[in-house]
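Here is a short report on one part of a protein model. Look at the structure first, then read on.

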Amino acid sequence: MPELPEVETTRRGIAPHIEHKQVADVIVRQFKLRWPVREDLAAVLAGQTVKACRRRAKYLLIELETGLLLIHLGMSGSLRIFSDGCVPPPGKHDHVDIVFSDGVTLRYRDPRKFGAVVWYEGAEEHHPLLEKLGPEPLGDEFDAAYLYGRLKTLKRAVKAVLMDNNIVVGVGNIYANESLFRAGISPKRAANRVTKKEAALLVAEIRAVLQRAIEAGGSTLRDFVDSEGNSGYFQQEYNVYGRSGEPCRQCGTPVEKTVIGQRGTFYCPSCQK
């Protein structure tokens with residue numbers, strides 16, 4: 001599933017092409033996504049100008065004059081930008097096109113149809129999908145004091161806590177694995193056994209891993225591509241994720257795999273305690 005770096009990579013790719021531009025038309029070929037697409041979406045958006053393109057957790061928020069268009073990539077979705085005269089015919093999984101007055105087309109593709117294109121006219125913080133989300137891991141609110149304060153009251157495995165969007169958004173499975181390795185913390189350790197010093201280190205490593213992944217264009221997750229159709233390459237830098245049985249890059253001990261919160265979890269039993 002595309003995680004925060006993949007979504008942020010997508011946002012950075014599409015924002016310069018759609019911000020401050022007027023919607024000319026919306027073509028919906030598939031209304032049955034994770035939540036139904038409004039049947040009158042074309043009528044609602046036509047003539048409106050995009051004020052900003054932002055990200056909250058794994059949601060892309062396209063802010064228009066009268067509301068927000070929330071886009072979630074689901075498990076296999078992607079957004080592509082096509083310029084006037086270079087728009088290919090839609091494929092089987094190309095479900096929504098947003099056409100702008102200058103000829104640019106933003107195309108939403110989703111083979112599994114598990115993503116979402118949702119129109120909302122209320123305050124962002126009151127939307128049911130957004131109102132209970134925790135702080136952004138790259139924002140000022142997510143610091144050592146905050147994380148330690150949340151961890152010390154919880155007995156769950158620390159990795160499960162990092163993947164709880166009520167605690168912090170967008171860290172996701174891959175980047176939780178990699179951040180815990182870099183911090184030297186076992187993903188199986190109870191959250192309330194993480195010290196203040198370790199919490200500070202973990203915050204720093206989460207930020208560093210996510211920033212590096214964004215610079216690398218995210219990871220290649222099945223058919224994830226950015227707005228230009230390029231795959232990310234952060235997977236080439238994985239220390240533990242997906243490397244079960246392979247030697248740890250730091251000490252040579254075979255990487256082990258377990259399951260936490262129904263997700264594959266990778267760690268070095270020597271480097272992580």
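## The annotated site

His93 sits in the loop between β5 and β6. Strands here are DSSP runs (E, at least two residues), just as helices are (H or I, at least four), and both are numbered from the N terminus. The model is predicted: local features need pLDDT of at least 70, side-chain atom pairs count only at pLDDT 80 or more, and totals for chains, interfaces and linings use all residues. Residues are numbered from 1 along each chain as its sequence is written, and side-chain values use heavy atoms, leaving out hydrogens and water.

An unreviewed UniProt entry lists His93 and Arg112 under "binding site". They are spread over 20 residues of sequence, yet they cluster in space, with a largest C-alpha distance of 8.3 Å. UniProt positions follow the numbering used here, feature names are shortened, and annotations may be inferred rather than shown by experiment.

Arg112 lies in the loop between β7 and β8 (116-120). His93 is partly exposed, at 23% relative accessible area. Arg112 is also partly exposed, at 44%. Buried means under 20%, exposed over 50%, and partly exposed in between (1.4 Å probe, protein chains only).

Leaving aside neighbours within four places in sequence, His93 is in contact (heavy atoms within 4.5 Å) with Tyr108, Arg109, Asp110 and Pro111.

## Strand β7

Four of the five residues of β7 (residues 105-109) are buried, so this strand is largely enclosed by the rest of the structure. β7 pairs with β5 (residues 78-82) in the antiparallel sense, over five bridges. Pairing takes at least two DSSP bridges between two strands. Ser78 stands opposite Arg109.

β6 (residues 94-100) also pairs with β7 in the antiparallel sense, over five bridges. Here Asp94 has Arg109 as its bridge partner. β6 and β7 form a hairpin with four residues between them. In the turn, Gly103 has a positive phi of about 95°.
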